[in-house]
Amino acid sequence: MSVKECGHHGDEERGALLRRIFGVIVAFIVLILFVIFLIWIILRPTKPTFMLQDATVFAFNLSSTQPPSFVPIPNTITITMQVTLLAHNPNKRIGIYYQKLQVYASYRNQQISLTTEIPATYQGHKDFTVWSPFLFGAAVPVSPYTLSSLQQDQNDGAVMVNLKVNGRVKWRVGNWISGRYHINVHCPAYIRFAGDRNGGVGVVAPAVKFQLLQSCSVDV
């Protein structure tokens with residue numbers, strides 16, 4: 001009986017020790033999470049702000065050729081432009097890492113340019129960063145609805161091209177770096193047509209620079 005009792009007593013001691021170790025680990029994890037949450041609340045991280053400063057349009061051509069019905073050729077847009085984006089970190093104690101930022105132009109939710117990637121950037125406290133990416137789109141097919149809207153905008157003398165930025169950000173406080181968060185930026189760019197509005201091709205003259213100073217919406 002004494003041998004069995006000793007064995008049973010040893011199992012209880014090992015179980016109690018494991019429970020204490022598990023409790024210490026859980027308490028340590030909870031403490032770390034609480035400290036991170038407390039730092040987050042005290043510092044109050046604010047999402048960055050973006051502004052579209054200007055856009056230089058080298059080409060914005062609309063092709064609406066009407067071929068014979070047995071040779072279907074889609075309507076297309078060709079666009080070449082350079083934009084200047086200004087990003088501002090409004091935080092006093094928090095730095096921002098920008099990663100995998102991709103910029104493209106769209107019209108009525110249809111992408112009309114290739115995606116241009118912005119190099120990874122670190123932005124310090126209260127700092128400003130300027131990017132000037134080029135956007136290209138060669139003979140991008142558009143739907144009949146998009147073509148009709150573009151022709152209407154052409155008649156009105158201006159078109160709104162949306163500049164969109166998608167990527168990821170990380171917050172930095174001292175040596176601590178947060179996980180990755182998705183960032184989505186939307187910048188409307190109003191471009192005036194030049195030349196013959198009824199031509200349908202070359203509706204914007206080459207190398208026309210538009211000073212926009214347009215605030216962008218930012219979601220993180």
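**The interior and its surroundings**

Of the contacts in the protein chain that join residues at least 6 apart in sequence, 77% are between residues at least 24 apart. The model is a predicted one. Its protein chain is built with two helices and 13 strands. Out of 220 residues, 37% are buried.

Setting aside neighbours within four places in sequence, Tyr 98 has contacts with Pro 48, Phe 50, Ala 87, Ala 120, Thr 121, Gln 123, Trp 131, Arg 168, Val 169 and Ile 183.

Ser 106 lies in strand E3, which covers residues 95-107. Is Ser 106 buried or exposed? Ser 106 has a relative accessible area of 1% and therefore counts as buried, the limit for that class being under 20%. Beyond four places in sequence, the residues touched by Ser 106 are Gln 111, Ile 112, Val 161, Asn 162 and Lys 164. The pair Ser 106 and Asn 162 shows how sequence and space can part: they are 56 residues apart along the chain, yet their C-alpha atoms are 5.1 Å apart.

Asn 109 sits in the loop between E3 and strand E4 (110-111), and with 70% relative accessibility Asn 109 is exposed. Although not a glycine, Asn 109 has a positive phi of about 65 degrees. Leu 213 is another residue that is not a glycine and has a positive phi, here about 50 degrees. Leu 213 is in strand E12, and its relative accessible area of 57% makes it exposed.

The whole structure contains one disulfide. Cys 187 and Cys 216 form this bond, with 2.0 Å between their sulfur atoms. Cys 187 belongs to strand E11 (residues 181-192), while Cys 216 is in the loop between strand E12 (208-215) and strand E13 (217-219); the two are 29 residues apart, and the bond links distant parts of the chain. The disulfide is right-handed because the torsion about its S-S bond is about 110 degrees. Both ends are covered: Cys 187 is buried at 0% relative accessible area, and Cys 216 is buried at 13%.

Ser 178, in the loop between strand E10 (176-177) and E11, is buried at 7% relative accessibility. Leaving out residues up to four places away, Ser 178 touches Lys 170 and Trp 171. Ser 178 and Ile 36 are 142 residues apart in sequence, with 9.5 Å between their C-alpha atoms. Gly 124 is in the loop between strand E6 (121-123) and strand E7 (128-131) and is buried at 16% relative accessibility. Gly 124 is 34 residues from Pro 90 in sequence and 9.6 Å from it in space, C-alpha to C-alpha.

Together with Leu 17, Leu 18, Ile 21, Ile 25, Phe 28, Ile 29, Ile 32, Leu 33 and Trp 176, Ile 36 makes a nonpolar surface patch of about 920 Å². Helix H1 (residues 2-43) supplies the largest share of this patch, nine residues. Phe 28 is in helix H1, and at 53% relative accessible area Phe 28 is exposed.

Note on methods
Residues are numbered from 1 along each chain as its sequence is written. This is a predicted model: local features need pLDDT of at least 70, side-chain atom pairs count only at pLDDT 80 or more; totals for chains, interfaces and linings use all residues. Side-chain values use heavy atoms; hydrogens and water are left out. Helices (H or I, at least four residues) and strands (E, at least two) are DSSP runs, numbered from the N terminus. Buried means under 20% relative accessible area, exposed over 50%, partly exposed in between (1.4 Å probe, protein chains only). Contact means heavy atoms within 4.5 Å. A disulfide is a pair of cysteine sulfur atoms within 2.5 Å. Patches are made of residues with over 30% relative accessible area and no salt bridge: like charges are joined within 9 Å, nonpolar side chains (Val, Leu, Ile, Met, Phe, Trp, Tyr) within 5 Å. Accessible areas come from the Shrake-Rupley method with a 1.4 Å probe; for residues, only the protein chains shown count as cover. A salt bridge is a side-chain nitrogen of Lys or Arg within 4 Å of a carboxyl oxygen of Asp or Glu.
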